[in-house]
Amino acid sequence: MTDALGTLRAAFLAEAGPGVGLGHLRRCQALATALGSRGAAVRFLVAGAAGVGTDAELDWTRDPALAVEALAAWRPHVAVVDSYGASPELFERVAALAPYAVAVDDLADRPLPVHLVVNGAWHAARLAYRARPDTVFLLGPEYALLAPAFVGAPRRSVRDDVRRVLVTLGGDPPADALAAAMRAVRRAAPAAAIDLALGPLAQALDGTGNGVTAHRGLDSLRELMLGADLAVTGGGMTLYECLATGVPAVGICLADNQRANVDALSQAGLILRDEHSLENAVRRLATDSALRRAMSARGRQVVDGRGAARVADAIERARLAVGVSRSAR
(Lines give C-alpha, C1' and ligand atoms only; values in the text may rest on other atoms or scores of the structure.)
Protein backbone atom coordinates (compact mmCIF):
# COMPACT_ATOMS: atom_id res chain seq x y z
CA MET A 1 0.00 0.00 0.00
CA THR A 2 2.79 2.35 -1.01
CA ASP A 3 1.62 4.92 -3.55
CA ALA A 4 1.82 8.63 -4.25
CA LEU A 5 0.48 9.19 -0.75
CA GLY A 6 3.36 7.21 0.82
CA THR A 7 3.33 4.12 2.99
CA LEU A 8 0.12 3.69 4.92
CA ARG A 9 0.56 3.61 8.69
CA ALA A 10 -2.05 1.58 10.58
CA ALA A 11 -2.36 1.48 14.36
CA PHE A 12 -4.39 -1.19 16.15
CA LEU A 13 -5.87 -0.75 19.63
CA ALA A 14 -7.01 -4.10 21.00
CA GLU A 15 -7.28 -5.94 24.28
CA ALA A 16 -6.34 -9.51 25.16
CA GLY A 17 -5.55 -11.58 28.20
CA PRO A 18 -7.19 -13.20 31.23
CA GLY A 19 -10.91 -12.54 31.34
CA VAL A 20 -10.89 -11.09 27.83
CA GLY A 21 -9.49 -13.91 25.73
CA LEU A 22 -7.84 -13.52 22.34
CA GLY A 23 -10.70 -12.76 19.95
CA HIS A 24 -10.18 -9.00 19.71
CA LEU A 25 -6.46 -9.41 19.12
CA ARG A 26 -6.87 -12.20 16.56
CA ARG A 27 -9.31 -10.12 14.51
CA CYS A 28 -6.92 -7.20 14.49
CA GLN A 29 -4.00 -9.43 13.58
CA ALA A 30 -5.93 -10.79 10.60
CA LEU A 31 -6.66 -7.30 9.31
CA ALA A 32 -3.10 -6.17 10.06
CA THR A 33 -1.76 -9.07 8.00
CA ALA A 34 -4.00 -8.11 5.08
CA LEU A 35 -2.85 -4.49 5.26
CA GLY A 36 0.77 -5.52 5.73
CA SER A 37 0.64 -7.67 2.60
CA ARG A 38 -0.20 -4.45 0.74
CA GLY A 39 2.86 -2.70 2.13
CA ALA A 40 1.34 -0.96 5.14
CA ALA A 41 3.36 -0.29 8.30
CA VAL A 42 1.52 -1.67 11.32
CA ARG A 43 1.72 -1.06 15.07
CA PHE A 44 -0.23 -2.64 17.92
CA LEU A 45 -1.29 -1.19 21.26
CA VAL A 46 -2.64 -4.14 23.25
CA ALA A 47 -4.16 -3.76 26.71
CA GLY A 48 -4.06 -6.58 29.25
CA ALA A 49 -1.86 -8.73 27.06
CA ALA A 50 0.05 -10.61 29.75
CA GLY A 51 0.68 -14.19 28.72
CA VAL A 52 -0.45 -13.95 25.09
CA GLY A 53 2.94 -13.49 23.47
CA THR A 54 2.66 -9.90 22.27
CA ASP A 55 5.38 -7.31 22.74
CA ALA A 56 3.11 -4.29 22.29
CA GLU A 57 1.47 -4.01 25.68
CA LEU A 58 -0.09 -0.70 26.73
CA ASP A 59 -2.84 -0.54 29.33
CA TRP A 60 -4.94 1.96 27.43
CA THR A 61 -8.29 0.52 28.58
CA ARG A 62 -7.37 1.60 32.12
CA ASP A 63 -6.00 4.98 30.97
CA PRO A 64 -7.26 5.98 27.49
CA ALA A 65 -4.86 8.93 27.51
CA LEU A 66 -2.06 6.43 26.88
CA ALA A 67 -3.62 5.49 23.56
CA VAL A 68 -4.18 9.12 22.62
CA GLU A 69 -0.55 9.97 23.39
CA ALA A 70 0.76 7.02 21.37
CA LEU A 71 -1.41 7.85 18.37
CA ALA A 72 -0.45 11.51 18.50
CA ALA A 73 3.22 10.54 18.49
CA TRP A 74 3.04 8.08 15.60
CA ARG A 75 0.35 9.86 13.58
CA PRO A 76 -1.15 6.84 11.77
CA HIS A 77 -3.30 7.22 8.68
CA VAL A 78 -5.66 4.51 9.95
CA ALA A 79 -6.51 3.64 13.56
CA VAL A 80 -8.44 0.43 14.25
CA VAL A 81 -10.07 -0.11 17.65
CA ASP A 82 -11.38 -3.50 18.78
CA SER A 83 -12.42 -3.48 22.43
CA TYR A 84 -15.62 -3.57 24.44
CA GLY A 85 -13.91 -1.16 26.82
CA ALA A 86 -13.46 1.64 24.27
CA SER A 87 -15.80 4.54 25.05
CA PRO A 88 -17.48 6.83 22.49
CA GLU A 89 -15.24 9.61 23.78
CA LEU A 90 -12.14 7.56 22.95
CA PHE A 91 -13.46 6.85 19.47
CA GLU A 92 -13.93 10.60 18.99
CA ARG A 93 -10.35 11.25 20.06
CA VAL A 94 -9.08 8.53 17.76
CA ALA A 95 -11.06 9.90 14.82
CA ALA A 96 -9.62 13.35 15.50
CA LEU A 97 -6.06 12.02 15.47
CA ALA A 98 -6.24 9.61 12.53
CA PRO A 99 -7.64 10.53 9.10
CA TYR A 100 -9.51 7.21 9.04
CA ALA A 101 -10.88 5.60 12.22
CA VAL A 102 -12.22 2.05 12.22
CA ALA A 103 -14.26 0.24 14.87
CA VAL A 104 -14.38 -3.55 14.89
CA ASP A 105 -17.51 -4.21 16.91
CA ASP A 106 -20.11 -6.93 17.40
CA LEU A 107 -22.41 -5.44 20.04
CA ALA A 108 -23.69 -2.06 18.77
CA ASP A 109 -24.07 -1.11 22.42
CA ARG A 110 -22.62 2.43 22.23
CA PRO A 111 -22.21 5.25 19.72
CA LEU A 112 -19.32 4.70 17.31
CA PRO A 113 -18.28 8.08 15.87
CA VAL A 114 -15.86 6.61 13.31
CA HIS A 115 -15.44 6.43 9.55
CA LEU A 116 -15.85 2.65 9.25
CA VAL A 117 -17.58 -0.03 11.34
CA VAL A 118 -16.74 -3.70 10.71
CA ASN A 119 -18.80 -6.58 12.06
CA GLY A 120 -18.31 -9.99 10.47
CA ALA A 121 -21.09 -11.72 12.42
CA TRP A 122 -23.97 -13.49 10.68
CA HIS A 123 -26.54 -11.23 12.35
CA ALA A 124 -24.59 -7.96 12.02
CA ALA A 125 -26.98 -6.27 9.60
CA ARG A 126 -29.82 -6.57 12.13
CA LEU A 127 -28.06 -4.45 14.75
CA ALA A 128 -29.01 -0.80 15.28
CA TYR A 129 -25.71 1.03 15.11
CA ARG A 130 -25.32 4.65 16.15
CA ALA A 131 -22.60 6.38 14.20
CA ARG A 132 -21.78 9.42 12.07
CA PRO A 133 -23.88 10.30 9.01
CA ASP A 134 -20.95 9.41 6.77
CA THR A 135 -19.97 6.16 8.51
CA VAL A 136 -19.49 3.18 6.21
CA PHE A 137 -20.66 -0.21 7.50
CA LEU A 138 -19.18 -3.54 6.44
CA LEU A 139 -21.56 -6.04 8.03
CA GLY A 140 -21.95 -9.78 7.65
CA PRO A 141 -19.84 -12.94 7.40
CA GLU A 142 -18.21 -11.84 4.15
CA TYR A 143 -16.28 -9.44 6.39
CA ALA A 144 -15.32 -11.94 9.11
CA LEU A 145 -11.72 -11.13 10.02
CA LEU A 146 -9.94 -14.47 9.72
CA ALA A 147 -6.26 -15.24 9.25
CA PRO A 148 -5.03 -15.88 5.67
CA ALA A 149 -4.82 -19.62 6.34
CA PHE A 150 -8.63 -19.75 6.18
CA VAL A 151 -8.92 -18.28 2.68
CA GLY A 152 -10.59 -20.56 0.15
CA ALA A 153 -12.76 -23.64 0.50
CA PRO A 154 -10.64 -26.64 1.59
CA ARG A 155 -11.07 -30.13 0.26
CA ARG A 156 -13.17 -32.07 2.72
CA SER A 157 -14.85 -35.45 2.58
CA VAL A 158 -17.45 -35.93 5.30
CA ARG A 159 -17.28 -39.44 6.68
CA ASP A 160 -20.29 -41.47 7.74
CA ASP A 161 -18.77 -42.01 11.18
CA VAL A 162 -17.10 -39.56 13.56
CA ARG A 163 -13.47 -40.43 14.23
CA ARG A 164 -12.02 -37.14 15.51
CA VAL A 165 -13.63 -34.36 17.53
CA LEU A 166 -12.02 -30.97 18.13
CA VAL A 167 -12.76 -29.26 21.45
CA THR A 168 -11.67 -25.63 21.73
CA LEU A 169 -13.21 -23.00 24.00
CA GLY A 170 -11.00 -20.00 23.35
CA GLY A 171 -7.83 -18.44 24.72
CA ASP A 172 -9.01 -18.24 28.34
CA PRO A 173 -11.76 -20.85 28.81
CA PRO A 174 -13.49 -21.50 32.15
CA ALA A 175 -12.06 -24.73 33.51
CA ASP A 176 -15.48 -26.10 34.45
CA ALA A 177 -16.87 -25.45 30.95
CA LEU A 178 -13.89 -27.18 29.37
CA ALA A 179 -14.23 -30.21 31.62
CA ALA A 180 -17.98 -30.38 30.91
CA ALA A 181 -17.37 -30.22 27.17
CA MET A 182 -14.88 -33.07 27.34
CA ARG A 183 -17.31 -35.23 29.33
CA ALA A 184 -20.14 -34.52 26.89
CA VAL A 185 -18.02 -35.44 23.86
CA ARG A 186 -16.73 -38.61 25.46
CA ARG A 187 -20.27 -39.77 26.28
CA ALA A 188 -21.77 -38.74 22.93
CA ALA A 189 -18.95 -40.05 20.71
CA PRO A 190 -17.13 -42.66 22.80
CA ALA A 191 -15.14 -44.13 19.91
CA ALA A 192 -13.77 -40.81 18.65
CA ALA A 193 -10.32 -39.43 19.31
CA ILE A 194 -10.41 -35.95 20.83
CA ASP A 195 -8.12 -33.06 19.97
CA LEU A 196 -8.21 -30.58 22.84
CA ALA A 197 -6.93 -27.17 21.73
CA LEU A 198 -5.94 -25.02 24.69
CA GLY A 199 -5.20 -21.33 24.42
CA PRO A 200 -2.08 -19.86 26.06
CA LEU A 201 -4.14 -18.72 29.06
CA ALA A 202 -6.03 -21.98 29.62
CA GLN A 203 -5.54 -23.94 32.80
CA ALA A 204 -4.15 -27.46 32.59
CA LEU A 205 -6.87 -30.08 32.36
CA ASP A 206 -6.73 -33.54 33.88
CA GLY A 207 -7.73 -36.52 31.82
CA THR A 208 -5.61 -36.16 28.68
CA GLY A 209 -4.39 -39.40 27.19
CA ASN A 210 -6.82 -42.25 26.60
CA GLY A 211 -7.68 -40.92 23.17
CA VAL A 212 -7.30 -37.25 24.11
CA THR A 213 -4.46 -35.20 22.62
CA ALA A 214 -3.87 -31.75 24.08
CA HIS A 215 -2.50 -28.93 21.90
CA ARG A 216 -1.51 -25.71 23.66
CA GLY A 217 -0.97 -22.23 22.23
CA LEU A 218 -1.25 -23.10 18.51
CA ASP A 219 -1.00 -20.15 16.13
CA SER A 220 -3.79 -21.62 14.01
CA LEU A 221 -6.42 -24.30 14.46
CA ARG A 222 -6.89 -24.82 10.73
CA GLU A 223 -5.14 -28.21 10.51
CA LEU A 224 -7.00 -29.55 13.52
CA MET A 225 -10.26 -28.32 12.03
CA LEU A 226 -9.54 -29.97 8.69
CA GLY A 227 -8.84 -33.25 10.49
CA ALA A 228 -11.96 -33.10 12.66
CA ASP A 229 -15.31 -34.64 11.85
CA LEU A 230 -17.00 -32.20 14.20
CA ALA A 231 -16.02 -29.48 16.65
CA VAL A 232 -17.24 -28.20 19.99
CA THR A 233 -16.26 -24.57 20.34
CA GLY A 234 -16.95 -21.32 22.10
CA GLY A 235 -19.25 -18.76 20.56
CA GLY A 236 -16.71 -16.29 19.15
CA MET A 237 -14.56 -16.08 16.04
CA THR A 238 -13.64 -19.76 16.17
CA LEU A 239 -17.14 -20.56 14.94
CA TYR A 240 -16.40 -18.66 11.73
CA GLU A 241 -13.12 -20.54 11.35
CA CYS A 242 -15.14 -23.74 11.62
CA LEU A 243 -17.53 -22.53 8.93
CA ALA A 244 -14.62 -21.58 6.67
CA THR A 245 -13.01 -25.01 7.04
CA GLY A 246 -16.30 -26.86 6.70
CA VAL A 247 -16.18 -28.60 10.08
CA PRO A 248 -19.69 -29.02 11.56
CA ALA A 249 -19.77 -27.39 14.97
CA VAL A 250 -21.65 -27.23 18.23
CA GLY A 251 -21.36 -23.72 19.67
CA ILE A 252 -21.21 -23.04 23.40
CA CYS A 253 -22.13 -19.62 24.77
CA LEU A 254 -19.36 -18.81 27.26
CA ALA A 255 -20.20 -15.14 27.81
CA ASP A 256 -23.18 -12.84 27.34
CA ASN A 257 -21.50 -11.11 24.40
CA GLN A 258 -21.48 -14.43 22.50
CA ARG A 259 -25.17 -15.17 22.92
CA ALA A 260 -26.46 -13.27 19.89
CA ASN A 261 -23.82 -14.85 17.68
CA VAL A 262 -24.56 -18.41 18.80
CA ASP A 263 -28.32 -17.85 18.59
CA ALA A 264 -28.18 -16.37 15.07
CA LEU A 265 -25.89 -19.05 13.65
CA SER A 266 -27.96 -21.86 15.16
CA GLN A 267 -31.23 -20.35 13.94
CA ALA A 268 -29.71 -20.19 10.45
CA GLY A 269 -28.83 -23.88 10.64
CA LEU A 270 -25.11 -23.18 10.35
CA ILE A 271 -24.25 -24.69 13.75
CA LEU A 272 -25.94 -26.57 16.57
CA ARG A 273 -26.03 -25.09 20.04
CA ASP A 274 -26.16 -26.56 23.52
CA GLU A 275 -29.58 -25.09 24.27
CA HIS A 276 -30.76 -27.98 26.43
CA SER A 277 -27.88 -30.44 26.58
CA LEU A 278 -24.41 -30.28 25.10
CA GLU A 279 -24.21 -34.06 25.12
CA ASN A 280 -27.43 -34.34 23.11
CA ALA A 281 -26.28 -31.72 20.61
CA VAL A 282 -22.97 -33.52 20.06
CA ARG A 283 -24.73 -36.86 19.75
CA ARG A 284 -27.19 -35.48 17.21
CA LEU A 285 -24.38 -34.18 15.03
CA ALA A 286 -22.23 -37.28 15.49
CA THR A 287 -25.02 -39.68 14.45
CA ASP A 288 -26.39 -37.68 11.49
CA SER A 289 -23.91 -37.71 8.62
CA ALA A 290 -26.40 -36.00 6.28
CA LEU A 291 -26.68 -33.09 8.69
CA ARG A 292 -22.90 -32.85 8.94
CA ARG A 293 -22.55 -32.83 5.14
CA ALA A 294 -25.16 -30.09 4.78
CA MET A 295 -23.59 -27.94 7.50
CA SER A 296 -20.11 -28.44 6.07
CA ALA A 297 -21.10 -27.37 2.57
CA ARG A 298 -23.14 -24.37 3.69
CA GLY A 299 -20.48 -23.16 6.08
CA ARG A 300 -17.90 -22.91 3.31
CA GLN A 301 -20.40 -21.05 1.15
CA VAL A 302 -21.10 -18.50 3.87
CA VAL A 303 -17.51 -17.85 5.03
CA ASP A 304 -14.78 -17.88 2.39
CA GLY A 305 -12.03 -16.49 4.63
CA ARG A 306 -11.53 -13.34 2.55
CA GLY A 307 -13.13 -10.92 5.00
CA ALA A 308 -9.86 -9.31 6.10
CA ALA A 309 -8.86 -8.73 2.47
CA ARG A 310 -12.23 -7.09 1.73
CA VAL A 311 -11.87 -4.76 4.71
CA ALA A 312 -8.28 -3.94 3.71
CA ASP A 313 -9.52 -3.12 0.21
CA ALA A 314 -12.14 -0.78 1.66
CA ILE A 315 -9.52 0.98 3.78
CA GLU A 316 -7.24 1.35 0.76
CA ARG A 317 -10.05 2.86 -1.33
CA ALA A 318 -10.88 5.26 1.48
CA ARG A 319 -7.24 6.29 1.82
CA LEU A 320 -7.01 7.10 -1.86
CA ALA A 321 -10.28 9.05 -1.74
CA VAL A 322 -9.15 11.03 1.28
CA GLY A 323 -5.82 11.75 -0.38
CA VAL A 324 -7.46 12.93 -3.58
CA SER A 325 -9.92 15.17 -1.74
CA ARG A 326 -7.19 16.73 0.34
CA SER A 327 -4.92 17.39 -2.61
CA ALA A 328 -7.79 19.13 -4.39
CA ARG A 329 -8.27 21.64 -1.56
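Which residue stands opposite Ala14 in strand 5? Point 2 takes this up.

1. Basis of the model. The model is predicted: local features need pLDDT of at least 70, side-chain atom pairs count only at pLDDT 80 or more, and totals for chains, interfaces and linings use all residues. Residues are numbered from 1 along each chain as its sequence is written, and side-chain values use heavy atoms, with hydrogens and water left out. Helices (H or I, at least four residues) and strands (E, at least two) are DSSP runs, numbered from the N terminus.

2. An open sheet is formed by 6 strands in the order 4-3-5-6-7-8, and the pairing is parallel. Two strands pair if DSSP finds at least two bridges between them. At the edges lie strand 4 and strand 8 (136-139), each of which pairs on one side only. On average, neighbouring strands of this sheet are turned by 15 degrees against each other, direction ignored. Within the sheet, 5 bridges join strand 3 and strand 5 (residues 78-82) in the parallel sense. The opening question is answered here: Asp82 in strand 5 stands opposite Ala14. Strands of a sheet pair through backbone hydrogen bonds, either parallel or antiparallel.

3. Helix 2. Helix 2 lies across strand 3 and strand 4 and runs at about 170 degrees to strand 3. Axes are lines fitted to C-alpha atoms, for helices over the stretch in contact, and angles run from 0 to 180 degrees between N-to-C directions. In helix 2 (residues 64-74), the buried residues are Ala67, Val68, Leu71 and Trp74. Seen down the helix axis, these buried residues fall within an arc of 140 degrees, so they line one face of helix 2. The arc is that of the directions from the helix axis to the C-beta atoms. Buried means under 20% relative accessible area, exposed over 50%, and partly exposed in between (1.4 Å probe, protein chains only). Glu69 and Ala73, on the other side of helix 2, are exposed. The cover over the buried residues includes strand 3 (9-15), strand 4 (41-47) and helix 3 (88-97).

4. Another open sheet of 6 strands has the order 11-10-9-12-13-14, with parallel pairing. Its edge strands are strand 11 (212-216) and strand 14 (272-273), each pairing on one side only. Strand 13 (residues 249-252) pairs with strand 14 in the parallel sense over 2 bridges, and Leu272 in strand 14 is the bridge partner of Val250. Helix 4 (residues 175-188) packs on this sheet and touches strand 9 (164-168), strand 10 (193-198), strand 11, strand 12 (230-234) and strand 13. Contact means heavy atoms within 4.5 Å.

5. Strand 13. Strand 12 and strand 13 run parallel and are joined by 4 bridges; Ile252 in strand 13 is the bridge partner of Gly234. Both faces of strand 13 are covered, with Ala249 and Gly251 buried on one side and Val250 and Ile252 buried on the other.

6. Helices 6 and 7. In helix 6 (residues 238-245), 8 of the 8 residues are buried, so this helix is largely enclosed by the rest of the structure. Its buried residues pack against strand 9, helix 5 (222-227), strand 12, strand 13, helix 7 (259-267) and helix 9. In helix 7, Asn261, Val262, Ala264, Leu265 and Ser266 are buried, and what covers them includes helix 6, strand 13 and strand 14.

7. Helices 8 and 9. The axes of helix 8 (residues 278-287) and helix 9 (residues 289-302) come within 5 Å and cross at roughly 90 degrees. Helix 8 is therefore roughly perpendicular to helix 9. Angles under 35 degrees count as roughly parallel, over 145 as roughly antiparallel, 65 to 115 as roughly perpendicular and the rest as oblique. Arg284, Leu285, Ala286 and Thr287 of helix 8 meet Ser289, Leu291, Arg292 and Met295 of helix 9.

8. Asp172. This residue sits in the loop between strand 9 and helix 4. Asp172 counts as partly exposed because its relative accessibility is 29%. Leaving out residues up to four places away in sequence, Asp172 touches Gly17, Pro18, Gly19, Gly21 and Leu201.
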